[in-house]
Amino acid sequence: MPPTSNSCGPMVLPIPRKGVYDSATTDVAQDVRALCKATPEVRLCAVAIGWTFFSTARLPRAGFWSLVIPASKRLLRTMASGVRALLPEAYASSVEVFDHPAKGRCLRSLVQRQPGDVVLREDAIATAPDLRFERIEGRVVHFIEHECFHCSGSLAGACAWPCEEGCDFTFCSPACGARHAEVHRAECAYVDALVALGARECVEASRLLLASRVAAASADAEQGQRVALLEGSCAALKAQAGVLVAAFERIEAAASAPDFVQADEGFELEPCMVQAEMLCKVQVNCLSLPGPAFRSVSALLSGASLCAHSCRPNCHVAHEGAGVVALRAVAPIAPGEEITISYLGDLGGSGEDRRAELARTRFFACTCERCGSASEAERWDSAPKERREVLARASHEVLVEREMELMKDLTDLLGGSPDAVALQAGRVAWRTLRAQFHVDDEIREILVALEPLFEACLPLYHPIKAQMYLEHARILATHGGDEVEFLRCCTAAQANADICFGPESVEAETMKEAMISGQTEQDFRAAVW
């Protein structure tokens with residue numbers, strides 16, 4: 001009896017003696033032909049079985065190819081269409097998925113891109129806000145002041161809509177609340193329990209909520225296919241992150257327990273879907289995006305999640321609100337060039353620090369061009385042990401103990417060798433002095449010293465550069481600085497915001513308003529705007 005077309009189990013086919021062409025040959029050919037019409041996995045088996053049979057039978061290979069070539073074409077088309085499902089159709093001709101021998105699935109551009117171009121725009125499979133909370137009088141009180149709890153859109157200027165179940169979470173509009181009402185009714189009961197569970201297992205609560213939302217989104221066939229194609233199974237992580245996977249498994253067991261949350265009277269809750277395997281996918285693929293007011297939003301994306309990491313990326317991931325994410329080029333990208341983003345929040349650290357953070361959070365050793373550069377190691381990572389020790393001590397004393405006498409140690413480090421230690425010292429000094437009054441002259445000196453360091457370690461355009469140039473322009477306007485320098489800083493600040501986020505984005509508009517409101521010279525305003 002021929003094996004069924006949907007069978008993936010062991011297949012036993014009659015293999016005739018070498019050189020013998022009898023009725024068994026016809027039976028096998030029919031079986032292979034039937035298998036070639038089945039699912040992709042079975043077609044692959046059919047190709048292998050057909051090759052084994054026809055080679056053993058010493059038959060003309062034309063018979064083999066007449067069966068296998070059509071099946072192989074169908075197999076490749078099916079596999080390609082599955083991978084293409086990770087990308088929006090609008091970008092099928094400009095971006096493609098390819099298999100990198102060391103990194104797995106990655107993205108590359110098929111066309112020339114310039115800074116500011118949108119390489120890819122897509123809707124996130126799911127997003128989750130930063131679940132900041134405090135316990136006040138024994139009750140968990142959440143502080144999500146800027147973003148919608150479900151779509152992660154901005155609440156600024158929106159018609160905020162409170163949860164009808166009476167929790168602390170807010171939606172950006174009645175329409176958003178109605179659209180997510182069914183999902184939120186279940187979440188509303190167990191979010192506090194997820195927060196406590198994450199704290200106990202040392203896992204971010206927003207990751208647990210995101211995994212739960214992805215599981216709910218997977219009920220849709222299209223979304224389920226996108227999630228299934230993302231890499232990151234438990235087996236792949238166990239070798240490198242066994243402790244974390246064990247915590248994920250404990251979380252799954254706890255969340256699925258009947259007493260995880262108390263059901264409302266007369267209302268049966270659905271099980272909380274926080275599977276260990278889904279947490280692994282979220283851990284490997286989710287991105288931390290800048291949300292409203294520069295708050296962090298966790299998102300799982302099918303396209304952007306394929307981008308490999310680089311310590312000098314050519315794209316920036318911009319969250320446009322309501323779960324819409326855009327990949328924007330921050331450097332020229334040639335046709336055929338790989339599309340890269342940064343998984344790190346801080347690209348200014350030494351190569352050793354960057355690789356250690358990636359190994360801790362993403363479980364891989366970075367081998368990007370910057371990390372493999374001998375000149376980078378010699379210049380940026382060459383700080384002697386004494387400089388690193390002074391940085392650690394002075395940073396702690398200034399930031400934690402508020403010992404401002406050690407600020408001079410930080411400025412001395414900033415004025416020394418142009419390396420990662422100098423950058424970190426300058427950033428600590430900048431952050432500390434911004435909270436002080438009447439220190440603009442000191443901040444200006446720090447910003448002047450920081451500019452070449454940021455240019456050395458960051459991409460051509462970056463949000464931190466926008467903040468630096470904006471601060472410098474404000475000080476120049478307030479204290480009547482050089483007009484040419486002021487215009488240069490204003491232009492650079494706006495260019496970095498426009499290219500990283502888009503000229504019509506909230507961030508770009510906020511940047512423009514901040515520059516206008518911070519200026520005192522009317523002719524400066526007229527010159528720029």
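**Figure 1. Salt bridges in the predicted model.** A total of 20 salt bridges is counted, a salt bridge being a side-chain nitrogen of Lys or Arg within 4 Å of a carboxyl oxygen of Asp or Glu. Side chains of opposite charge can pair when their charged atoms come close. Arg434, Asp440, Glu471 and Arg474 are joined in a network of such bridges. This is a predicted model, in which local features need pLDDT of at least 70 and side-chain atom pairs count only at pLDDT 80 or more, while totals for chains, interfaces and linings use all residues. Residues are numbered from 1 along each chain as its sequence is written, and side-chain values use heavy atoms, with hydrogens and water left out.

**Figure 2. The salt bridge between Glu338 and Lys103.** The N to O distance of this pair is 3.2 Å. Glu338 lies in the loop between strand 13 (324-329) and strand 14 (340-341), and Lys103 in the loop between strand 1 (95-100) and strand 2 (104-109), so the bridge ties together parts that are 235 residues apart in sequence. Helices (H or I, at least four residues) and strands (E, at least two) are DSSP runs, numbered from the N terminus. Glu338 is buried at 17% relative accessibility, whereas Lys103 is partly exposed at 39%. Buried means under 20% relative accessible area, exposed over 50%, and partly exposed in between (1.4 Å probe, protein chains only).

Figure 3. Arg360 is exposed (56%), and Glu357 is partly exposed (32%).

Figure 4. Beyond neighbours within four places in sequence, Ser395 is in contact (heavy atoms within 4.5 Å) with Val400, Leu410 and Val428. The C-alpha atoms of Ser395 and Ala425 are 7.4 Å apart, although 30 residues separate the two along the chain.

Figure 5. The structure holds 0 disulfides, a disulfide being a pair of cysteine sulfur atoms within 2.5 Å. For Cys307, the nearest cysteine sulfur is that of Cys315, 6.4 Å away. Cys307 is buried, with a relative accessible area of 1%, and Cys457 is buried with a value of 1%.
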